Amino acid sequence: MELTEKENASDIKYMKEAMKQARKAYETGEVPIGCVIVETATGRIVGRGYNRRNTDKTTLAHAEITAIKKASKALGDWRLEGCTIYITLEPCPMCAGAIVQARVDRCVFAAPSDKAGCAGSVVNLLNEKSFNHQVEITRGIMEEESQALIKRFFKELRERI
């Protein structure tokens, strides 16, 4: 699906917000993954999150899960229809499942994840026809910036070890 210039500018605007969240994770020593959820009709960010697995000592503390919880609270519903999720890295199986279950309309991600990506890199849970909901996917928005931050994080981590 070809995006219009307006849609592309909007995607970049919100992916920049997701990158701010990723930098928060980076600054706390977490893998730099960030996420924002936008109410499409209003353009309002209703949920933000960044990776906190080590900080919170739980595998559930992914950026997307945190953002989904916050968006659900802000909107007063577990259904996030009419929302777009922006993520700096392709969602994993857990997060892809949560995105489908939350009925998010659209998922925009920056960098692919060749090891765990569930929006097309390894499998595509977001478009699984057997599920009762499919999510529109846009890939590669600010991909290079996201990949550079992740690579820098792991390079610095290896140097410390």
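Which element contributes the largest share of the lining of the largest pocket? In this predicted model, that share comes from α5, which supplies 4 residues. The pocket itself has a volume of about 590 Å³ and is lined by 21 residues, with Val-31, Ile-33, Leu-89, Ser-113 and Phe-154 lying nearest its centre. Two elements, α3 (63-75) and α5 (143-160), each give two or more residues to this lining. When the lining residues are grouped by class, 11 are nonpolar, 4 are polar and 6 are charged.

Backbone geometry was also examined. Most residues other than glycine have a negative phi. Against this background, Lys-57, which is not a glycine, shows a positive phi near 55°, and Arg-103, likewise a residue other than glycine, has a positive phi of about 65°. Lys-57 is placed in the loop between α2 (53-56) and α3, an element that also gives residues to the lining of the largest pocket, while Arg-103 is found in the loop that runs between α4 (93-101) and β4 (106-111).

Lys-57 counts as exposed because its relative accessibility is 72%, a value over the 50% cut-off. Arg-103, by contrast, has a relative accessibility of 17% and therefore counts as buried, since the cut-off for that class is under 20%.

Definitions and conventions. Residues numbered from 1 in each chain as written. Predicted model: local features only at pLDDT ≥ 70, side-chain atom pairs only at ≥ 80, totals over all residues. Heavy atoms only, no water. 1 Å grid on protein atoms, 1.4 Å probe; cavity = no way out; pocket = protein on both sides within 12 Å on 5 of 7 lines; lining within 4 Å. Points joined across faces, edges and corners; volume = space filled by probe spheres on them. Nonpolar A, V, L, I, M, F, W, Y, C, P; charged D, E, K, R; others polar. Buried < 20%, exposed > 50% of the residue type's maximum accessible area, 1.4 Å probe, protein only.
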